[in-house]
Amino acid sequence: MSINVNSQLTKKEAEVSEYLDKVLNIIEKQEVTAEEAKWITEETVNGFRENVNPGFLEYRKTVTKDGQFAAVEWSDGDSCFKDLNGNEYIDCLGGFGIYNVGHRHPKVMKAVQDQLQRQALHSQDLLDPLRAMLAKVLAEITPGDLKYSFFTNSGTESVEAALKLAKMYSERTTFIATTKAFHGKSLGALSATSKNMFRKPFLPLVPGFRHVAFGDIDMMRKTFEACALTGEDVAAVLLEPIQGEGGIILPPKDYLKEVRALCDEYGALMILDEVQTGMGRTGKMFASELYDVVPDIICLAKAFGGGVMPAGAVVAKEKVFKSWFPNPFMHTTTFGGNPLACSAALATISVLIEEQLPQRAAEVGEYFLKGLREVAEAHRDKVLEIRGQGLMIGIEFHDDEVGYEVSKGMFERGVLVAGTLINSKTIRIEPALTIKYEEVDAVISRFKEVLESL
């Protein structure tokens, strides 16, 4: 006997079903009408206000159009994206650094679509081939003798896994992190993150974390000494090679090498958080290569999935990772290392190598920095400093209000930038590594226009 499904639905279920059909129909479309665009905009703004978080509407004041909180992104490609109304923007925020190979790179898209035709997720119990193949590739391309990989879905998950690895390796519980650091917002990663606004509501956090000034090797050494004297020996030092959310802060010359030496002297591990600096962003595949340092553990995410899939990884030396050999279920994740994410990561690495994007980031980044600094020279009353490495660039202003106005002015002129989470006076420039020179010139020109208009 057949069942009339519609007759079984409650009034609310029928309404939700009708709404879902309308949304799914919208998803199918490559282009939308003006009427549909108006409906999507209203639904988006109302949805954020009533069901997501109204704070986002206030936070995103710099990305409004014509005074309306209605900038709704719709499509993307290469180094740009478009809003619902067809306005195109050069993306210099890059999803906080995820679009290293560009928006929807054809090779990454094809790999994911091909995998999706066969299998989306894995059973969890059998051996899945792409995880093994991706781990082999990472062992080849990461610095030194990093060998074993654990796959995650995000940067904060990569940091959490690294902290647990370090604890199991030595059974020590003290970690040294730095001021202005950002490592994520789950409890372990947040314990290493430094900004008080993010930390205070959740105190007490995971015990055992000490913070020292980034770049101050003497303070680092004294902290090691104090921990050893009090029996709180350091398990690991956790660092970003270049601080991202802290305002694109480059380390002093030889700082990372000196930290490496301290870790070796005191039997501690060195964990480098390359979630933002990895995958070619700084002019090398990994920023640790810039400073000729091999960490014991490296954390990856953001651009690791090619801007198509959420994906992350922790890669560690065998001496560290082998504490998980006896029981591989000591730390697990349902979705980390799934076939779609692995296919995206494999294709991403292929693109980075074939198109020589790390080298390109170094060359274009140097050109970009030079142009921005030439513009800023006439506006020293507004711009404090422009610094960066590769296509990881920070523009620091004398106060955060100027940074806000510049961000807003750039968006009005078709360029998306944004501030950093720890240092509100600094806006970031993190475009796709595929950005064209004429697009760089356009960004520099519009930056000049905005500064002159303030």
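**Entry 1: K382**

I looked up the contacts of K382, where contact means heavy atoms within 4.5 Å. Not counting residues up to four places away in sequence, K382 touches F397, H398, V402, L451 and L454. The model is a predicted one, in which local features need pLDDT of at least 70, side-chain atom pairs count only at pLDDT 80 or more, and totals for chains, interfaces and linings use all residues. Residues are numbered from 1 along each chain as its sequence is written, and side-chain values use heavy atoms, with hydrogens and water left out.

I then located K382 in the loop between α15 and β11 (383–389); helices (H or I, at least four residues) and strands (E, at least two) are DSSP runs, numbered from the N terminus. Is K382 buried or exposed? I found a relative accessible area of 14%, so K382 is buried (buried is under 20% relative accessible area, exposed over 50%, partly exposed in between, with a 1.4 Å probe and protein chains only).

**Entry 2: α15 and α17**

I next examined helix α15 (residues 357–376) and helix α17 (residues 437–453), whose axes come within 10 Å and cross at roughly 20°. Axes are lines fitted to C-alpha atoms, for helices over the stretch in contact, and angles run from 0 to 180 degrees between N-to-C directions. The angle therefore makes α15 roughly parallel to α17 (under 35 degrees is roughly parallel, over 145 roughly antiparallel, 65 to 115 roughly perpendicular, the rest oblique).

On the α15 side I noted R360, E363, V364, Y367, F368, G371, L372 and V375 in the contact. The α17 side contributes Y437, V440, D441, V443, I444, F447, K448 and L451. I sorted the residues of this contact into 11 nonpolar, 1 polar and 4 charged; Ala, Val, Leu, Ile, Met, Phe, Trp, Tyr, Cys and Pro count as nonpolar, Asp, Glu, Lys and Arg as charged, and the others, Gly among them, as polar.

**Entry 3: L205**

I found L205 in the loop between α10 (196–199) and β6 (209–212). L205 is buried, at a relative accessible area of 13%. Beyond four places in sequence, L205 touches L187, L190, S191 and R199.

C92 counts as buried because its relative accessibility is 0%. For C299, the nearest cysteine sulfur is that of C263, 14 Å away.

Technical notes: A disulfide is a pair of cysteine sulfur atoms within 2.5 Å.
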